Amino acid sequence: MTAIKHALQRDIFTPNDERLLSIVNVCKAGKKKRNCFLCATVTTERPVQVNVIKVKKSDKGDFYKRQTAWALRDLAVVDAKDAVKENPEFDLHFDKVYKWVASSTVEKNTFISCIWKLNQRYLRKKIDFINVSSQLLEESVPSGENQSVAGGDEEAVDEYQELNAREEQDIEIMMEGCEYAISNAEAFAEKLSRELQVLDGANIQSIMASEKQVNILMKLLDEALKEVDQIELKLSSYEEMLQSVKEQMDQISESNHLIHLSNTNNVKLLSEIEFLVNHMDLAKGHIKALQEGDLTSSRGIEACTNAADALLQCMNVALRPGHDMLHAVKQQQQRFSDLREQFARRLASHLNSVFVQQGHDQSSTLAQHSAELTLPNHHPFHRDLLRYAKLMEWLKNTDYGKYEGLTKNYMDYLSRLYEREIKDFFEVAKIKMTGTTREGKKFATLPRKESAVKQDTESLHGSSGKLTGSTSSLNKLSVQSSGNRRSQSSSLLDMGNMSASDLDVADRTKFDKIFEQVLSELEPLCLAEQDFISKFFKLQQHQSTSGTTTNEVEEMDGVALSRSYTSGVPQTISSEKDMIRQMMTKIFRCIEPELNNLIALGDKIDSFNSLYMLVKMSHHVWTAQNVDPASFLSTTLGNVLVTVKRNFDKCISNQMKQMDEVKISKKSKVGILPFVAEFEEFAALAESIFKNAERRGDLDKAYTKLIRAVFVSVEKVANESQKTPRDVVMMENFHHIFATLSRLKISCLEAEKKEAKQKYTDHLQSYVIYSLGQPLEKLNHFFEGVEARVAQGIREEEVSYQLAFNKQELRKVIKEYPGKEVKKGLDNLYKKVDKHLCEEENLLQVVWHSMQDEFIRQYKHFEGLIARCYPGSGITMEFTIQDILDYCSSIAQSH
C-alpha cells in the first residue's frame, strides 16, 4: 500500500500541489468488484483545501487517473455501519449517499480517523460520525493543544516526505567526501553511526549545560499558562454577557426582516395599482367622443379615431396573473366592452348612411355622362370615405361581424351604382360604333355599305354566302370587271375606292378609337376602386407569382385559357387578396358581359374588327398583369381576351372556308382572284394594326394558315378555269402575291414569298412557251428532221446530202416565212395574249418581252443549225433579229 501511496503522490497529487494523507482501497457495494482508491488530500497552498478524491486505474494501462473529487466541507455524514464488530462497509454522505466496501477494516478505520482529524484541524464543521468506535475519534481538547495534537497526528499520518533540494545537496556532499559510500554501504553506515553518536553526545552535554535556562523557560511557561487561564475566564464572562445581547440582536433582525417584507409588499402593490390605472383608465374626453363624437366633420372623425385607438389599447392590455380575478378589473372590462359595442353600432349606422348619401349624389351626375363616352369619376366619393379608413381598421379588429356587414352593404350598393353607370357607358359606345340613336334609327352610311357588300358578294359567289370581313374594293372590282370592258372597270375602281374602301378604313379607325377609349375608361375605374377597397377596408394587396401570363395565353387554346382565367373566387377566402378579388367581382360583375356584348357587336359590324380588338385587349391584359397578374382587372380582361381570340380565329377560319368555296364565272376571264385581293387587304390592315403589338405570334400563325389556303385555292381555281389558261391564272395571282409580300415585308412569310416568286416565274415561262409555240412551224419541222438525222449518227456537214434536207428544200421552207408573214403572226399572238391577261396586274409587256426573247432564242437556234449543217451555202432567213425587235416594238406600241 505504501508503494501505491508513493506512486499516487508522485503521479497525481504532486503535479496539482496536493499532499496525500490517507488512502483506502474500496469498491462499490452490491456491484462487481472494480477496485478504486479513496484519497484524503490537502493543498500545499493557503488557504488549505481538503478534498476526498476517487482514483481509478486506467483501462488502457497501469497508470492511475482522477475520476471524482468531493470537497470535505460538503461531507455531511460518515457512517461506519458498526462500532463494535469489524465491518469493511462504510457510507459517505455528500450530495448523495455513496456506499463503499474497503479491502480491510484497518484501512477503513485509518481513513475515517484521518477524515476526523482533518475536519477538526481545517474545517471545524460538524460532521456526523455514526457507528464509529470512540477510540478512532480523539477527545476534544483546548484549541492550542488540539492544534499540536492535530499537527502531531498529521506528522504521524504523513509517513513519507520527499527530500528538499538542500537536503539532497547535503547528502551528495557527504557521499562525495566518502569515496566508498557506493561500493561499501556498511562501512559508510558505520561511519555515519559514529558521527551521529558524537553529535548526540554533544547535544546531551549542551542540554545539561543549559538546565538553568530551561528552568527559567519553564517558569515563564507556567506564568503564561496562568495568564491564559485568566484570559479564558474573562472571555467566558464576556461570552455570557454577549449571549443576552445576541438574543436581542436576533429579535431586532427578525423585526427588521418583517418591516422590509412589508415595505416590499407595499411597493409591489403600488406597482400593480399604477399598472392597472395607467393601462386600464380611459380619459373622459375619449369616452365622450365614443358616445357622442361627431362622425361628419374631420375634427370629429379624428377625435373618434384617437378615442377608438385608446379604447382598443385598454382592452388589449396584457394583464398580469391574477388581475382578471379583481372585481374592479372585471367592471372596467365590461365598461370597455359596452363602449366598444355602442361605438361600433353607431359607426356602422353612420357609414351605411354615408354610402346611401354618396350614392344619391353620384347618381345625380349620371345624366352629364349619358351622351359622352366617359365614366363618372368616383374620386370625391373615395376621398370622403377614406377619412374613415382608420375607424374601419378599428372595426375590423374589434367587431368583425359589423365590419363584414359594412363590406356586404358596400358591395351591394356599389354593384347597383356601377351597373347603371357601366351599362349607360356601353350603350353610348354601341351607339357611336353603329351610328344609331337610342331609338334605334341608323344613319344612311351603314345600310348603303351593307347592301353594296351583299349585292357584290351574291353576284360573285351565288349561294355561297357573305364574305367574312369587309369586302374590299379589289374584290368588288374583280366581280364588276368580269364581262365588261377595262374602261368600265377603271371607272368602277374609282367609285369603289370612294364609296367602299374609304368607308371601311374610316369605320375601322372609328371602331378602334372607340374600343380603345372604352378600355382606357374601364382600366383606371377598376384600378381606382381596387386601390380604394384595399385602403378603406384595410386589405393588403400582395404581389403574386401565380396566374396565367400573356405568353401562356398564346400557347393555350381557347378552352384551356378560359379555364385558367375563369377559375372564379373560392368560397372560402384564404387571404385578404382573395377578399379584394371577391369584392371587385361582385361590384363589377357587369363589366365582362358588357365587354363581350360590345365585342360581339364589333365582330358583327366587321369581323376584321377582331384584329383591332385582339391588339388592344392584349396590350391592356399585358399592362394589367404587370401590375398584378391575379387582380380582378387582369382576370376579367383575360377572360374577354379569350373571346376576342376566338373571334379572330373564327375570322381566319371563315376566310379560309370562303376560299375553298369560291366559284368563278365560266364566261369571263379570271384575273386577280378575290381572295388574293382580300389577303392583300388583310395583310396590309394587319401590319398596320399589329405594329409593335404584344400578340404578333397570333398574326404570324394566321398568316401561315391564310397564305397556304391562298396557294391551294389559286391552284384549284387555275385547274377549274375554262376561259383563262391555267398558267395565266397561276402567273398573275402568284405575281400579285409576291408583290404584296415584297411590299409588306412580312418576316414570317419569307419562304412563301420565295415560293410565290418561283411559281410566278415557272408559270410565266410555261405560258410563254405554250402560247408562242412554233411560229415558224414548217421551218421548225424541217429542222426537227435535221436534228433527228444528226441524232441517228449522220455528221452535221453531211446532212445537206440527204434528199429531203438538201439546200433546195431548205430554201423552199425559208421562202414561206417572209418578214410580212412573221409580223402578222406576232400581231395575232399579241392579241391572243392580251385577251388572256387582265389589266389589273399589268403583265402584258412582261409576257410579251418574254415571248420576244423566246422567239429570238428559236431564231438563233435555226441560224446555228444552218451554219453547222449547210456551211458555205450562203442561206439565211428572210428577216433578221433586228427585224424581230422592230416587229415586237411596233406591235406593242400599236396596241
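Strands β3 and β4 form a hairpin, with six residues between them. Strands here are DSSP runs of E with at least two residues, helices are runs of H or I with at least four, and both are numbered from the N terminus. The model is predicted, so local features need pLDDT of at least 70 and side-chain atom pairs count only at pLDDT 80 or more, while totals for chains, interfaces and linings use all residues. Residues are numbered from 1 along each chain as its sequence is written, and side-chain values use heavy atoms, with hydrogens and water left out.

| Strands | Bridges | Direction | Facing residues |
|---|---|---|---|
| β2 (residues 36-43) and β3 (residues 50-57) | six | antiparallel | V42 and V50 |
| β3 and β4 | seven | antiparallel | K54 and T68 |

Now for the whole sheet. Eight strands make up an open, mixed sheet, in the order β4-β3-β2-β1-β7-β6-β5-β8. Because β4 (64-71) and β8 (128-130) stand at the edges with a single partner strand each, one side of each is left without a neighbour in the sheet. From one strand to the next, the twist averages 30°.

Helix α1 (residues 2-13) lies across β1 (18-28), β2, β3 and β4, and runs at about 115° to β1. Helix α2 (residues 105-123) also packs on the sheet, where β1, β5 (77-79), β6 (89-93) and β7 (97-102) are among the strands touched, and its direction makes about 140° with that of β1. Axes are lines fitted to C-alpha atoms, for helices over the stretch in contact, and angles run from 0 to 180 degrees between N-to-C directions.

Finally, the aromatic rings: the count comes to 29 aromatic pairs, where rings of Phe, Tyr and Trp (its six-membered ring) pair if their centres lie within 6.5 Å. F588 and F632 form a stacked pair (planes under 30 degrees apart), 5.9 Å centre to centre with 25° between the planes. This pair links distant parts of the chain, 44 residues apart: F588 sits in the loop between α19 (576-587) and α20 (591-605), and F632 in helix α22.

Notes
Pairing = 2+ DSSP bridges. Contact = heavy atoms within 4.5 Å. Phe/Tyr/Trp six-rings, centres within 6.5 Å; stacked < 30°, edge-to-face > 60°.
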